[in-house]
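Visitor: Could you walk me through this model, starting with how the strands pair up?
Guide: Gladly; here it is.
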Amino acid sequence: MRPVPALCAALVAATLGLAAPAARAVTCFVVFDRTENVVYRDVFPPVDLSDAGKAEREAMRQRGEFLMFMDAEQCPRLEFLTGAAGNIALRLDDTLAPTREPARPAAPTMPKAPRTPR
C-alpha cells in the first residue's frame with residue numbers, strides 16, 4: 001500500500017472526528033434584564049433580528065435588557081415557575097409535606113328504627 005493515500009485517509013478521518021463536536025453546536029440566545037438576571041434563554045431569538053425587528057430591539061434597549069447569543073453545545077430553555085415555587089416566602093414544610101386534603105365531615109346516617117319484640 002502506498003503511504004500517501006493512507007496518510008490522506010488518516011487526515012480525513014481526523015478532520016471528521018474534530019468537526020463532529022462543532023456540528024452539534026447550536027446558537028443560544030440569552031436576554032439579561034437591567035439587574036443582570038437571565039429572563040430568556042432558548043435556541044430561538046426573542047425578537048426579529050432582521051431590519052423589521054428594529055423597534056422590538058429598541059424597546060429592549062429602553063428597558064435596559066441585553067441580548068447575548070453564542071454557539072454552545074447545549075442551550076437549556078429557561079422556564080419560569082409560578083405559584084408556590086415562585087414565592088420568596090416558601091417554607092420547607094410546604095415543599096416536603098405531602099399534600100393534605102381538607103377533612104370532610106362524615107356523611108349523615110339515618111337513625112335506626114327501634115326494634116320491636118316478637
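Visitor: So in what sense do β1 and β3 pair, and over how many bridges?
Guide: Strand β1, residues 26–32, pairs with β3 in the antiparallel sense over 7 bridges, where two strands count as paired if DSSP finds at least two bridges between them. Helices (H or I, at least four residues) and strands (E, at least two) are DSSP runs, numbered from the N terminus.
Visitor: Before I go on, what should I know about the source?
Guide: This is a predicted model, in which local features need pLDDT of at least 70 and side-chain atom pairs count only at pLDDT 80 or more, while totals for chains, interfaces and linings use all residues. Residues are numbered from 1 along each chain as its sequence is written, and side-chain values use heavy atoms, with hydrogens and water left out.
Visitor: Back to the pairing, then: which residue in β3 stands opposite Val 31?
Guide: That is Leu 67.
Visitor: And what is the strand order in the sheet?
Guide: The sheet is open, with 3 strands in the order β2-β1-β3 and antiparallel pairing; β2 (38–42) and β3 (66–72) are the edge strands, each pairing on one side only.
Visitor: What does Phe 32 touch?
Guide: Phe 32, which lies in strand β1, is in contact (heavy atoms within 4.5 Å) with Asn 37, Val 38, Val 39, Gly 64, Glu 65, Phe 66 and Met 68, leaving aside residues up to four places away in sequence. Phe 32 and Phe 66 are 34 residues apart in sequence, and their C-alpha atoms are 5.1 Å apart in space.
Visitor: Changing topic, is Arg 57 buried or exposed?
Guide: Arg 57, in helix α2 (residues 54–62), is buried, meaning under 20% relative accessible area with a 1.4 Å probe and protein chains only, whereas exposed is over 50% and partly exposed lies in between.
Visitor: Which side chain of opposite charge is nearest to Arg 57?
Guide: It is Asp 51, 5.0 Å away, and Arg 57 has no salt bridge, a term that requires a side-chain nitrogen of Lys or Arg within 4 Å of a carboxyl oxygen of Asp or Glu.
Visitor: What lies 2.8 Å from a polar atom of the Arg 57 side chain?
Guide: The backbone oxygen of Ser 50 does, and Ser 50 is also among the residues that Arg 57 touches, together with Val 47, Asp 48 and Leu 49, not counting residues up to four places away in sequence.
Visitor: How many helices and strands does the protein have?
Guide: There are 3 helices and 3 strands, running α-β-β-α-β-α from the N terminus on, and 10% of the 118 residues count as buried.

Note on methods. Lys, Arg positive; Asp, Glu negative; His and termini not counted. Polar contact = N/O pair within 3.5 Å; in protein donor to acceptor, adjacent residues only side chain to side chain.
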